[in-house]
Amino acid sequence: MQTIHPLADMTRWSNEVIASGSTIALVPTMGYFHEGHLSLMRLAKCLADRVVVSLFVNSLQFGPSEDLSRYPRDLARDSRMAADEKVDILFVPTETEIYALDFNTRVSVCSITDTLCGKQRPGHFEGVTTVVAKLFNIVKPHIAVFGQKDFQQLSVISKMTRDLNWDIEIVGHPIVRAEDGLAMSSRNTYLSSEEREQSLCLYKSVQHAKTRFDNGFTDAELLKSEIRDIILANSGVSVDYISVVDKDNLSDKEVIDSNSVLALAVIVGQTRLIDNYFMGSDTEISK
Ligand code: AMP
């Protein structure tokens, strides 16, 4: 595996690969790898000839009171893990190369960013789409792989790619969970052992939604209120949102059907965690 820092070197490498007739899959990340990231890398390897993993903690997608400065970072560990997965390139651009002092452009997807995490974290998705647009232009991938854990992000990036006519296939990977069901996240490292225990209310909620859906339950309001009870049974956990939305346009659903997604965001102690469940899908641990 080669590690590339300068943007121009990255694009030169991609141009050579493309000229040779090979395909590139990109896995954008903010690093501090866990099994979720590694699963995306493995899927990318199955889908294209060469795999680029980008590692960039994107300041533009963090709000002023969010955890940018304490976001976990360990490049040496990440390099070893990516090399073990036999990715071709670990692309680690610098902040100043991505955002020059006079950088003044934003890429913004309307409407589906007004809800869920977009509503709770103003400017977050504009930060995501701006950096992903830049990564697409620098790396020139044929395929880009994203996790369904961040299902709104996956929807927003798919929409941006279609709307801007990029010839890039956006592929989603199912949520990878720890053995107890907690969706893997770099932010799980913030949790104390007590908070880690409390955070299992997310997986319990997902399992509850599956049971309800499988039994033909269709009342979204009632399901949300049952899930609120499951979550708030844990002192120290608060609800950011509990929503049932259409998986395509992210509008609220009153009647649950197979096109519905339960989307959850909770705060455990100081840590914001998200999870979701596509009605009718499996909830078993896919690690
Ligand atoms: P991050 O480094 O947290 O920005 O995540 C990079 C990519 O990995 C995103 O596409 C995430 O959706 C994906 N990802 C993170 N955690 C998981 C997980 N537990 N399961 C599947 N994909 C994940």
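Leaving aside its neighbours within four places in sequence, with which residues is Val 268 in contact? In this predicted model, Val 268 is in contact with Leu 191, Glu 195, Gln 198, Ser 199, Gly 236, Val 237 and Leu 273, once the neighbours within four places in sequence are left aside.

**Val 268 in strand β8**

- Val 268 has its place in strand β8, and with a relative accessible area of 0% it is buried.
- Gly 236, one of the residues in contact with Val 268, is 32 residues away along the chain, while the C-alpha atoms of Gly 236 and Val 268 are separated by 6.2 Å.

**Helix α9 and its surroundings**

- Helix α9 covers residues 201-214 and so has 14 residues, and the distance from its first C-alpha to its last is 20 Å, which is close to the 20 Å expected at 1.5 Å a residue.
- Just after α9 comes Gly 216, which takes a positive phi of about 85°.

**The pairing of α9 with α10**

- The axes of α9 and α10 are 9 Å apart and the two helices pack at an angle of about 150°, and α9 and α10 are therefore roughly antiparallel to each other.
- The crossing in which α9 passes α10 is right-handed.
- On the α9 side the contact is made by Cys 201, Lys 204, Ser 205, His 208, Ala 209 and Arg 212, which meet Leu 223, Glu 226, Ile 227, Ile 230 and Ile 231 in α10.
- The residues of this contact between α9 and α10 divide into six nonpolar, two polar and three charged.
- Glu 226, which lies in helix α10, has a relative accessible area of 17% and is buried, because the cut-off for buried is under 20%.
- Apart from its neighbours within four places in sequence, Glu 226 is in contact with His 208, Arg 212 and Phe 217, and of these His 208 and Arg 212 belong to the α9 side of the helix contact.

- Helix α6 has 16 residues and reaches 22 Å from its first C-alpha to its last, close to the 22 Å expected at 1.5 Å a residue.
- Helix α6 is mostly covered, with 14 of its 16 residues buried.
- The axes of α6 (residues 124-139) and α7 (residues 151-163) come within 10 Å and cross at roughly 50°, an angle that makes α6 oblique to α7.
- As in the pairing of α9 with α10, the crossing in which α6 passes α7 is right-handed.
- From α6, the residues Phe 125, Val 128, Thr 129, Val 132, Ala 133 and Phe 136 meet Gln 152, Gln 153, Val 156, Ile 157, Met 160 and Thr 161 in α7.
- The residues of the contact of α6 with α7 divide into eight nonpolar, four polar and no charged.

**Loop residues and positive phi values**

- Lys 140 follows α6 and has a positive phi, near 55°, although Lys 140 is a residue other than glycine.
- Lys 140 lies in the loop between α6 and β5 (143-147), and at 34% relative accessibility Lys 140 counts as partly exposed.
- Tyr 32 likewise has a positive phi, of about 55°, although it is not a glycine.
- Tyr 32 is found in the loop between β2 (24-29) and α2 (35-47), and its relative accessibility of 21% means that Tyr 32 counts as partly exposed.
- Asn 249 lies in the loop between β7 and β8, and at 44% relative accessibility Asn 249 counts as partly exposed.
- Asn 249 and Lys 159 are 90 residues apart in sequence, and their C-alpha atoms are 10.0 Å apart in space.

Key: Residues are numbered from 1 along each chain as its sequence is written. This is a predicted model: local features need pLDDT of at least 70, side-chain atom pairs count only at pLDDT 80 or more; totals for chains, interfaces and linings use all residues. Side-chain values use heavy atoms; hydrogens and water are left out. Axes are lines fitted to C-alpha atoms, for helices over the stretch in contact, and angles run from 0 to 180 degrees between N-to-C directions. Helices (H or I, at least four residues) and strands (E, at least two) are DSSP runs, numbered from the N terminus. Angles under 35 degrees count as roughly parallel, over 145 as roughly antiparallel, 65 to 115 as roughly perpendicular and the rest as oblique. A crossing is left-handed if the near helix is turned anticlockwise from the far one by less than a right angle, and right-handed if clockwise. Contact means heavy atoms within 4.5 Å. Ala, Val, Leu, Ile, Met, Phe, Trp, Tyr, Cys and Pro count as nonpolar, Asp, Glu, Lys and Arg as charged, and the others, Gly among them, as polar. Buried means under 20% relative accessible area, exposed over 50%, partly exposed in between (1.4 Å probe, protein chains only).
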